Amino acid sequence: MYKSQISLIIISCDLENNNTDVSLAPVETDIDSQGEVIENETDSIFHYVRANRYLELNNIKAAESRFQKVIELESDFARGWLGLSQVAYLNAQFDKSSTYIDKAISLKPDLEEAIYHKAKLEKELGNCNESIRIIDSSTSNNFPPLNSLLALCKGLIGDHDSAEILFNDSFINIEEFKNIILNQAEYIMSIGKYEESLKLADDYLNIHQSPEAYILKGMILVELGLTDEALELFEDAKLMSSNCLLYTSPSPRDQRGSGLAGSALKKKRGGG
């Protein structure tokens, strides 16, 4: 079984000194004769597009600023509140994240990405039963990431038959592949199939590089006894964003929470 019983890792970044900017030219912006982007301070879509680009680059501080601007301009923009929730989640501000995602869902109850994020937040806090309740009570039944998260939670509470069926159903839409495979990799790790889980993590990393994926792969390598390789991956995850701190949220069996590498390696080496 999954020896460490640790939830997926959350990345918290202090990007105060990160001055990286990204020039985007979405359709909604004006471009002058020199081809330079002219920023429209009153265009919520412009700020929303930039905010999401910053998230992709792991520039959390810049993303937060842009999402806040979106909400200032258009307070009923559900996806803007979803973005703020994602940022708060990455900063381990779980109460804020929950408040923001509830606001997004109140504005657009059928926003599948928001339902997924709310359910994932509960799962990361060790509340798989609540995550299952959220997914089951939603009207969405054709959003593969939700199915994969439901599968993961079913598996983590011991309903492995349902987990296998749901994961198979999740892969109907290949476009959502990368949003599904990491959930499946964590589930496979939780039942002790480390080699299979490692392959899934590698498949994910072949199409998308993210700190979360490096951390999960590192956790698998710890379970396989490859601690040096695991530590290299943890360092790679930190290097993807400046001044990042890696830590775990409380897991179902350990509500205290703990540092990722320290906790995993301590268990592997026979400590506490």
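Predicted model: local features only at pLDDT ≥ 70, side-chain atom pairs only at ≥ 80, totals over all residues.

User: Which residues of α3 meet α4?

Analyst: A78, W81, L82, L84, S85, A88 and Y89 in α3 meet F94, K96, S97, Y100, I101, K103, A104 and L107 in α4. Contact means heavy atoms within 4.5 Å. That set divides into 11 nonpolar, two polar and two charged residues.

User: What makes α3 roughly antiparallel to α4?

Analyst: The axes of α3 (residues 78–90) and α4 (residues 94–107) cross at roughly 165 degrees and come within 8 Å. Angles over 145 degrees count as roughly antiparallel, under 35 as roughly parallel, 65 to 115 as roughly perpendicular and the rest as oblique. So α3 is roughly antiparallel to α4.

User: Why is F67 called buried?

Analyst: Buried means under 20% relative accessible area, exposed over 50%, and partly exposed in between (1.4 Å probe, protein chains only). F67 has 0%, so F67 is buried. You'll find F67 in α2 (residues 60–73), touching residues including Y48, L55 and V87.

User: How do you know that α11 is largely enclosed by the rest of the structure?

Analyst: 13 of the 13 residues of α11 are buried, so α11 is largely enclosed. Just after α11, G225 takes a positive phi of about 85 degrees.

Technical notes
Residues numbered from 1 in each chain as written. Heavy atoms only, no water. Axes fitted to C-alpha atoms, helices over the stretch in contact; angles between N-to-C directions. Helix = DSSP H or I, 4+ residues; strand = E, 2+ residues; numbered from the N terminus. Nonpolar A, V, L, I, M, F, W, Y, C, P; charged D, E, K, R; others polar. Lists of a residue's contacts leave out its neighbours within four places in sequence.
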